[in-house]
Amino acid sequence: MTSVLNQQIDINRAHLVLKNVVLKTPLQFHRKLSEKFGCEVYLKREDLQVVRSYKIRGAYNLIQSLSEAERQRGVVCASAGNHAQGVAFSCKLLNIKGVIYMPAITPKQKINQVKMFGGSNIEIVLVGDTFDDCQAHALEFTRQNNSVFIPPFDHEKVIEGQGTVAKEILEEQSNIDYVFVPVGGGGLSAGMGSYFATYAPQIKMIGVEPQGAPSMKEALEAGKPVILVSIQRFVDGASVKRVGDRNFEICKDALADVLLVPEGKVSSTILQLYNEDAIVAEPAGALSIAALDQYADKIKGKKVVCILSGGNNDIDRMQEIKERSLLYEGLKHYFIVRFAQRPGALKEFVNHILGPNDDIVRFEFIQKHNKETGPALIGIEVKSKEDFDFLIERMNSHKLNYTLVNQNENLFEYLV
């Protein structure tokens, strides 16, 4: 099936279709990452694309290929983010009517972006609490109205469009050893993998998924696409329950490896890119860079490309991103401390337990009548992991009655 599918995918043709529509995004040498890993690291800046992600490539390539009769029937998609923006932009450019279904919980910023790109050519329908609910409504609307559904990744034309990223890379750099690519449904990795297989088979393409949504890794281990029971949606641009069938058929041969990156590591990478490079990366956009540590030994002395796939990051998420980063780096910890119910107990904790660089960032106390102790939820930030070790030593030496909430996933989710 792979060879037949590859014959249907013509990325050079898609490149001609897209060359006056999408931006040829920069392939930038990154000095700091190169020095850190002892190699040449380049970032393919799809965050600078016209809709701030590569998704426009596949969406436009598919929609422009529709017949006049199909265009008259209108198009439909389901998306909470980048795919919706790509479809909206394409509808306006091609003067086609589109209905875009988004979950009811979609942030207003993303809704406004879709409206901006689509204008009067699109209608937005907010429905369902999850993406799966939303997509079910979109598919039913498509069936009832005989419209054309535009899938986010599982279509030859979408794969073709996303593959133009690989063509642009090879036009600027040769002798590339590794390409790190974020994987969600597999459209980008399938498209790029198809192109590299023909024009640069020496390149090792490394897929990168969020730890909480390992759909491609599970599929490769099972030998076929599988449906994950549950996923973490923090890395929303790369968190899907099931990869596409067409995408899997290509990726099973095209991907040399698939790495999983903790969501906290992704958050730290987002903050690093923002603080050091003034790059606004969305979680999925930071995935490929966040994975480099896992291949530090293998990429030494090599030429490496990381796909920075998107920059649609809502500013309202920054507090959550900072929180996840601090937790991952071991710099923020939550405790349940059972204080003796007597005057001065909290003062003793501040004076004798906290270190000079420790900071209380959350405190919730519940006074229990007729009890000897009262529980308090305390969040503490430390400046280094060593400070945390000293904090624990002091808590133990003072025989403090406490529970470390970070180590109890159910308790953490309930309280924090």
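Is Glu160 buried or exposed? At 0% relative accessibility, Glu160 counts as buried, where buried means under 20% relative accessible area, exposed over 50% and partly exposed in between, with a 1.4 Å probe and protein chains only. Before the close-ups, please note that this is a predicted model, in which local features need pLDDT of at least 70 and side-chain atom pairs count only at pLDDT 80 or more, while totals for chains, interfaces and linings use all residues. Residues are numbered from 1 along each chain as its sequence is written, and side-chain values use heavy atoms, with hydrogens and water left out.

**View 1. Arg13 and Glu160 meet in a salt bridge.** The closest N and O atoms of this pair are 2.6 Å apart; a salt bridge is a side-chain nitrogen of Lys or Arg within 4 Å of a carboxyl oxygen of Asp or Glu. Arg13 belongs to helix α2 (residues 11-18) and Glu160 to helix α9, so the pair ties together parts that are 147 residues apart in sequence. Helices (H or I, at least four residues) and strands (E, at least two) are DSSP runs, numbered from the N terminus. Arg13 is partly exposed, at 38% relative accessibility.

**View 2. An open sheet holds 6 strands.** Their order is β1-β2-β10-β7-β8-β9, with mixed pairing; two strands pair if DSSP finds at least two bridges between them. At the edges are β1 (27-29) and β9 (255-261), each pairing on one side only. On average, neighbouring strands are turned by 25° against each other, direction ignored. Axes here are lines fitted to C-alpha atoms, for helices over the stretch in contact, and angles run from 0 to 180 degrees between N-to-C directions. Strands β2 (residues 40-45) and β10 (residues 303-308) run parallel and are joined by 6 bridges, and Glu40 has Lys303 as its bridge partner in β10. Helix α10 (residues 187-199) lies across β7, β8, β9 and β10, at about 155° to β7.

**View 3. Gln173 sits in the loop between α9 and β7.** Gln173 is buried, with a relative accessible area of 19%. Leaving aside neighbours within four places in sequence, Gln173 is in contact with Leu27, Tyr42 and Lys303, contact meaning heavy atoms within 4.5 Å. The side chains of Gln173 and Lys303 are joined by a polar contact of 2.9 Å. A polar contact is a pair of N or O atoms within 3.5 Å; within protein, one must be able to donate a hydrogen and the other to accept it, and residues adjacent in sequence count only if both atoms are side-chain atoms. Gln173 and Tyr42 are 131 residues apart in sequence and 9.5 Å apart in space, C-alpha to C-alpha.

**View 4. Cys91 is in no disulfide.** The nearest cysteine sulfur to that of Cys91 belongs to Cys77, 7.7 Å away; a disulfide is a pair of cysteine sulfur atoms within 2.5 Å. For Cys134, the closest cysteine sulfur is in Cys77 at 8.4 Å, too far for a bond. Cys91 is buried at 0% relative accessible area, and Cys134 is buried at 0% too.

**View 5. Arg317 and Asp236 form a salt bridge of 3.5 Å, N to O.** This pair links distant parts of the chain, 81 residues apart: Arg317 in the loop between β10 and α16 (318-328), Asp236 in the loop between α11 (215-222) and α12 (245-254). Arg317 is buried at 17% relative accessible area, while Asp236 is partly exposed at 33%.
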